[in-house]
Amino acid sequence: MKPTYLNIRRFTREKLKEGWTRQQIFDHLMESAGSGARNDYARVMRIATLVARFPVQALNWKIRWVRALMIFGMLAAIVLSWLEQLPLARMFGLLELPWYIIGLWIVSANFFNLLSILLLGPALRMNRKAYLWIMILNIFLLTRWIWSWAWAPIASPPVLLLMAIMRAIIVASAAFIYFKSNIRFEIQKKGQSLYHVVFRT
């Protein structure tokens, strides 16, 4: 098998499902790459990086449940955000404006919520960077809601409290998956130009 980008990903996916470790997958790919492959640092790094970055599909049952909890938190946060914004929209007569003005207001008022939802696609494919950005966005939103409640504790306290709880759930869930799915490797040099990779989880 020629170790091209698509072949490496396809082979990694199949072998992970069969129960191979990333170390076994990498060693097999290096054997397929030819006798001189371990002398080429760039090739060793490229193959090791592709194997390490392959989405961690169902790493264990905990990730599935935590991811489901994160999605629930996101959906609940959007509903709570709308409940918190609706009285203000009625008070200022925003709901009586043309539909495109209402749509613009909804998008602008829920920009970070929509951004979190857009990140769900990569997150479901176990892209670690997506979880990192979800974590950062919701830390910001959690801080904003706590600040809002501190300045206006009378304004919908149950909604704001639930909102803070949902944000905390999202942050904790994203952080758990981000750190749990971290696949690290170390390149060791043997002899003059022979490179060996050791995967660590």
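Predicted model: local features only at pLDDT ≥ 70, side-chain atom pairs only at ≥ 80, totals over all residues.

**Exercise 1.** Find which strand F185 lies in and which strand F199 lies in, and describe how their rings are arranged.

*Solution.* Take the rings to start with: F185 and F199 make a tilted aromatic pair, with 5.7 Å centre to centre and 45° between the planes. Next, place the residues: F185 is in strand β1 (residues 184-190) and F199 is in strand β2, so their pair ties together parts 14 residues apart in sequence. Now look at the accessibility of each. F185, at 25%, counts as partly exposed, whereas F199, at 13%, counts as buried.

**Exercise 2.** Locate T12 and work out which residues it contacts beyond its neighbours within four places in sequence.

*Solution.* Start with the helix: T12 belongs to α1, which covers residues 5-18. Its relative accessibility is 0%, so T12 counts as buried. Then list the contacts: leaving aside those sequence neighbours, T12 touches I25, V51 and F54.

**Exercise 3.** How many helices and strands does the protein chain have, and in what pattern?

*Solution.* Count the elements: there are 9 helices and 2 strands. Then read along the sequence, and the pattern is α-α-α-α-α-α-α-α-α-β-β. To finish, consider burial: 37% of the 201 residues count as buried.

Terms used. Residues numbered from 1 in each chain as written. Heavy atoms only, no water. Helix = DSSP H or I, 4+ residues; strand = E, 2+ residues; numbered from the N terminus. Buried < 20%, exposed > 50% of the residue type's maximum accessible area, 1.4 Å probe, protein only. Contact = heavy atoms within 4.5 Å. Phe/Tyr/Trp six-rings, centres within 6.5 Å; stacked < 30°, edge-to-face > 60°.
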